Amino acid sequence: MATPSLVSRAARSIPIHAVPKDAYDAWLKKQRREVRTWLDSVDFSPKAHRFELVPGRDGKLEAVVVGVDSFDTPWALAGLSAKLPKGAYRLETPLSSSDATNACVGWLLGTYRFTRYKKKPPTFGASLVVPKGADVKRAELIASALRLSRDLINTPAEDMGPSELAAEARKLGRAHRARVTVIRGNELLRKNYPTIHTVGRASDDPPHLIDLVWGSASHPKVTLVGKGVCFDSGGLDLKPASGMLTMKKDMGGAAAVLGVAKLIMGARLPVRLRVLVPAVENSVSGNAYRPLDVIKTRKGITVEIGNTDAEGRLVLSDALTEACREKPDVLIDFATLTGAARVALGTDLPALFTNDDALAAQVLDAGVRVHDRLWRMPLHDDYRSMLDSAVADINNSGQGGYGGAITAALFLKEFIEDGIAWAHIDTMAWNLSSRPGRPVGGEGMAVRAVFSALEARYTKRGRTRAAKKRRRQ
């Protein structure tokens with residue numbers, strides 16, 4: 001698929017007038033009579049993402065007018081690059097540096113389509129002359145990171161099982177000179193990762209633990225953990241057919257942390273990054289784990305299996321235990337963990353659980369700044385008793401069905417060492433409907449927010465960028 005391009009200059013470019021609704025009348029009065037007549041004749045109104053092609057006196061395309069709500073989101077102009085005729089375009093609207101960068105991100109993502117299996121993928125020929133002040137490298141990095149997350153999620157499990165996910169992590173590592181090691185199959189038992197092995201052992205593609213390390217050991221340690229359940233049948237607690245239709249996205253947490261990792265490494269943040277991805281397929285076979293089995297985790301905590309469809313927290317438990325061994329400065333996990341979080345917050349708003357108020361503030365503030373929002377949910381310790389087991393230290397499934405996102409987060413909390421700033425992000429990782437720049441399918445929700453939070457935490461430039469954005473808002 002041809003991607004929309006950003007060009008530094010063009011011999012001839014067509015102006016794009018991006019006009020907020022409340023400024024439209026004043027803008028229109030400044031246009032020549034033929035333009036006003038044309039826009040009135042087509043009944044144009046400057047609603048967000050609505051645009052109109054304006055012909056010149058010679059009948060050729062003279063300008064584009066598009067309605068916008070705000071310029072500080074990547075999506076303001078994201079609908080144009082896929083719909084405009086072939087040619088070069090330039091923004092006539094003056095923008096701040098951050099808004100100009102956002103415009104470039106939206107332009108690049110506006111034509112995202114998952115075309116791996118398409119015989120004739122669509123092509124797009126609209127190019128944008130880079131707006132003054134835009135950070136092109138940053139825009140291209142953000143767009144490429146989101147494309148990576150989306151492509152990983154959108155690829156069917158047949159072609160994105162644990163082995164293929166490990167191969168993608170290795171490819172990312174090679175591109176940034178990171179060290180990637182993989183523990184697979186029965187080696188997981190020898191190295192004491194019993195829950196990852198147990199959940200994934202029923203699949204023909206054996207379970208993997210992917211471990212990526214990048215950066216100087218002298219820098220603050222940042223560890224990301226992503227749930228990599230490449231397909232979730234529910235195990236012996238089998239999902240209904242309708243419940244499996246989007247289960248290729250159950251590795252959305254892994255896709256998200258690889259997207260964040262790409263941003264961190266591409267921007268060369270001064271951190272020592274580690275990414276851990278337990279990659280499994282939760283399948284059904286003669287050796288599948290069973291309800292009421294008891295598993296001893298890497299931490300030594302025994303878990304009674306209340307439901308084999310609550311597998312994500314199991315594989316995360318071993319990865320989180322390993323992550324805590326190094327006592328990172330920050331530990332963040334992403335997971336498509338519970339339907340309860342979607343019931344509580346809907347599909348667009350990831351749930352944030354954390355044991356650290358400062359980290360919560362950083363992530364939530366970043367989400368507002370970059371329009372990639374999350375919502376903080378409580379780690380309500382009184383609900384811990386809902387995970388009690390009569391035969392083991394804990395049950396993997398909360399009793400009663402209430403507060404499911406909270407009890408899942410409390411389960412993970414059992415594997416977090418005291419003193420470690422930890423955040424758990426329960427995400428949908430999937431767009432149910434299409435919007436400009438965000439088609440139906442896999443989505444790297446909270447990827448930009450977490451990167452922006454880490455950038456502000458560990459770099460002066462990031463803090464300055466955040467402060468400027470807060471003043472403007």
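Me: Two strands pair if DSSP finds at least two bridges between them. In which sense do strand S2 and S5 pair, parallel or antiparallel?

Reply: First, some ground rules: this is a predicted model, in which local features need pLDDT of at least 70, side-chain atom pairs count only at pLDDT 80 or more, and totals for chains, interfaces and linings use all residues. Residues are numbered from 1 along each chain as its sequence is written, and side-chain values use heavy atoms, with hydrogens and water left out. Helices (H or I, at least four residues) and strands (E, at least two) are DSSP runs, numbered from the N terminus. Strands of a sheet pair through backbone hydrogen bonds, either parallel or antiparallel. Here, strand S2 (residues 14–20) pairs with S5 in the parallel sense, over three bridges. Ile14 has Tyr89 in S5 as its bridge partner, and Pro15 has Arg90 in S5.

Me: How many bridges join S2 to S4?

Reply: Five bridges join S2 to S4, and these two strands also run parallel. For Ile16, the bridge partner in S4 is Val64.

Me: In what order do the six strands of the open sheet stand?

Reply: Read across the sheet, the order is S1-S6-S5-S2-S4-S3, with mixed pairing. Strand S1 (5–7) and S3 are at the edges; each has a single partner strand, so one side of each is left without a neighbour in the sheet. From one strand to the next, the twist averages 30°. Angles such as this one run from 0 to 180 degrees between N-to-C directions, and axes are lines fitted to C-alpha atoms, for helices over the stretch in contact.

Me: How many residues of S2 are buried?

Reply: Buried means under 20% relative accessible area, exposed over 50%, and partly exposed in between (1.4 Å probe, protein chains only). S2 is mostly covered, with six of its seven residues buried.

Me: What joins S3 to strand S4?

Reply: S3 pairs with S4 (residues 61–68) in the antiparallel sense, over five bridges. Glu52 stands opposite Val65 in S4. The hairpin of S3 and S4 has five residues between the strands, and Gly59 takes a positive phi near 90° there. Gly59 has 58% relative accessibility, so Gly59 counts as exposed. From Gly59 to Ile16 is 43 residues in sequence and 17 Å in space, C-alpha to C-alpha.

Me: Which residue other than glycine has a positive phi of about 55°?

Reply: Most residues other than glycine have a negative phi, and most peptide bonds are trans. Asp43 has a positive phi of about 55° although it is not a glycine. Asp43 lies in the loop between helix H2 (33–41) and S3, and counts as exposed at 59% relative accessibility. His371 has a positive phi as well, near 55°. The loop between helix H12 (357–369) and strand S16 (375–376) holds His371, which is partly exposed with a relative accessible area of 28%.

Me: How many aromatic pairs does the structure hold?

Reply: Rings of Phe, Tyr and Trp (its six-membered ring) pair if their centres lie within 6.5 Å; planes under 30 degrees apart count as stacked, over 60 as edge-to-face and the rest as tilted. The structure holds five aromatic pairs. In one of them, Tyr89 and Trp107, the ring centres are 6.4 Å apart and the planes are at 50°, so the pair is tilted. Tyr89 belongs to strand S5 (residues 87–91) and Trp107 to helix H3 (residues 97–109), so the pair ties together parts that are 18 residues apart in sequence. Tyr89 and Trp107 are both buried. Elsewhere, ring pairs link Tyr24, Trp27 and Phe44 into a cluster.

Me: At what angle do helix H5 and helix H9 pack?

Reply: Angles under 35 degrees count as roughly parallel, over 145 as roughly antiparallel, 65 to 115 as roughly perpendicular and the rest as oblique. Helix H5 (residues 162–175) packs against helix H9 (residues 252–267) at about 5°, with the axes 11 Å apart. That makes the two helices roughly parallel. Where contact means heavy atoms within 4.5 Å, Leu165, Ala169 and Leu172 in H5 meet Ala254, Leu258, Ala261, Lys262 and Met265 in H9.
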